[in-house]
Amino acid sequence: MSEGRLLLSGSGRLCVAQPPGADVPTVLSPWALLVEGGRIDWVGAPGDAPPAETRVDLRTALVTPGLVDAHTHPVYAGDRSDETAARLAGQRYDGGGILRTVRATREASDDELAGLLDTRLLAALASGTTTIEAKSGYGLSLTDELRALRLLAAADTPMRPVRTFLGAHAVPEGMEAERFVDSVVEEILPQAASLADFCDVFCDSGFFSVEQAETILTAARGNGLALRLHAEQLARTGATELGIRLGATSVDHLEQLDAAGIAALAASSTVATLLPGPALLMGAGLPPARALLDAGATVAIASDANAGTFGSFSMPLVIGLASAVLGMQVGEALQAATAGGAASLGLGEVCGTIRPGLAADLVAWDAEHEGAFALHLGDVRPHRIWIGGSEVRTALAER
Ligand SMILES: [Zn+2]
């Protein structure tokens, strides 16, 4: 590439994160890092730094891998904040609200939906997310699911995109679940597959059964998609074991997971992707983060930004929440939001860690220590962002 070699250095903390399975992130201080051809070429002490055409001194700033948000639902219209208020006032969540978002999303024009999506992707980028998984799932018909996936494909963002087909997010109004599963498998999946990387199913009490999820995911695998699952959020269903058995890259949520499920995940290569935001707002238990980490499972954390149970795309907030309420050390939470998130998306050899050969996805924060993610809950901002070695300008970074 023609941009030459870029040497970043600093007297502060470089949290390199580690591939999953390693301990809390290794921190270098002082540090230097060489970027060439969009990739990290070398990491070490400033005195050993190789020559470079361009040098940037980041002084005392905390520098981390770009954050990876491995679970979002950004393609929707409508507002359900009234439901959150009602739920927090004691009304039981039955998920019926998804169909309300489906109605509003179907009624929105392409331009309206694209505008809403752009705003949300910008918010994610402005909070330091450099890789984002984004799901369909508020369409629930051939036309509307394909529209969501096409809008995601057309979105103009420098973030590394991962697209997930979540046709089986809820059973559409006026349709039997079995009939809809048939429609997903026979009609929607074959057309959605070329627009997506993953297939996901909301496998839970009141949504899709383990058997129905297996039918859909097996078909998805046959269509060349990698697999992930909404699992054990509302009830302990066995979705985790299904995911492991089918070779799912990740099972997500896990609020109701028990000791057997924790042991099964620890013995597998399937990532446990935990979502502290909706877990807190739903008030029906927290995922067993500490037990999963202690058992040796690979843990990711993600926002689950969506229409009805958690609206924020701020991964700094998610790191803070995981530290404050899930029993994770801040370093573990940061690792789960970087290396863990990359593993959750099958991108462990692409991004999420600062080591030679991986993409130069980096964030310099307006903070000096990763503890700021807990201390300033949601209020730690990127000072500068690089994705694939190119600096990204965001409205916030410009201030
Ligand atoms: Zn979700």
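Where does Pro30 lie? Pro30 sits in the loop between strand S3 (27-28) and S4, with strands taken as DSSP runs of E of at least two residues, helices as runs of H or I of at least four residues, both numbered from the N terminus. The model is predicted, so local features need pLDDT of at least 70 and side-chain atom pairs count only at pLDDT 80 or more, while totals for chains, interfaces and linings use all residues. Residues are numbered from 1 along each chain as its sequence is written, and side-chain values use heavy atoms, with hydrogens and water left out.

Back at Pro30, the peptide bond that joins Ser29 to Pro30 is cis, with omega near -10 degrees. Another backbone feature turns up at Ala17, a residue other than glycine with a positive phi, near 60 degrees. Ala17 belongs to the loop between strand S2 (14-15) and S3, and at a relative accessible area of 3% it is buried (buried means under 20% relative accessible area, exposed over 50%, partly exposed in between, with a 1.4 Å probe and protein chains only). Gly38 is found in the loop between strand S4 (31-36) and strand S5 (39-44), and its 9% relative accessibility makes it buried as well. Between the C-alpha atoms of Gly38 and Gly277 there are 33 Å, with 239 residues separating the two along the chain.

Next comes the metal site. The zinc ion is held by His71 (NE2), His73 (NE2), His230 (NE2) and Asp304 (OD), at 2.1 to 2.4 Å. Donors here are N, O and S atoms within 2.8 Å of the metal (3.2 Å for Na, K and Ca), and since water is not among the atoms, sites may look incomplete. The angles among the four donor atoms run from 82 to 169 degrees, and the site is irregular. For reference, four donors are tetrahedral if all angles lie between 85 and 135 degrees; four are square planar and six octahedral if opposite donors are over 155 degrees apart and all others between 65 and 115; anything else is irregular. Along the sequence, the donor residues follow the spacing H-x1-H-x156-H-x73-D. His71, in the loop between S8 and H1, and Asp304, in the loop between strand S15 (299-301) and helix H11 (315-325), are 233 residues apart, so to speak a link between distant parts of the chain. Neighbours within four places in sequence aside, the contacts of His253 (heavy atoms within 4.5 Å) include the zinc donors His71, His230 and Asp304.

As for the aromatic rings, four pairs are counted. Rings of Phe, Tyr and Trp (its six-membered ring) pair if their centres lie within 6.5 Å; planes under 30 degrees apart are stacked, over 60 edge-to-face and the rest tilted. Tyr76 and Tyr138 have ring centres 5.8 Å apart and planes at 65 degrees, so they form an edge-to-face pair. Because Tyr76 lies in the loop between strand S8 (67-69) and helix H1 (81-88) and Tyr138 in the loop between strand S9 (129-135) and helix H4 (142-154), the pair ties together parts 62 residues apart in sequence. Tyr76 and Tyr138 are both buried. Trp365 and Phe373 are edge-to-face too, with centres 5.1 Å apart and planes at 85 degrees, and both are buried.

Arg120 is over the face of Tyr76, 3.6 Å from the ring centre, and Arg228 is over the face of Phe198, at 4.7 Å.

Methods: A charge sits over a ring if NZ of Lys or CZ of Arg is within 6 Å of the ring centre and within 35 degrees of the ring normal.
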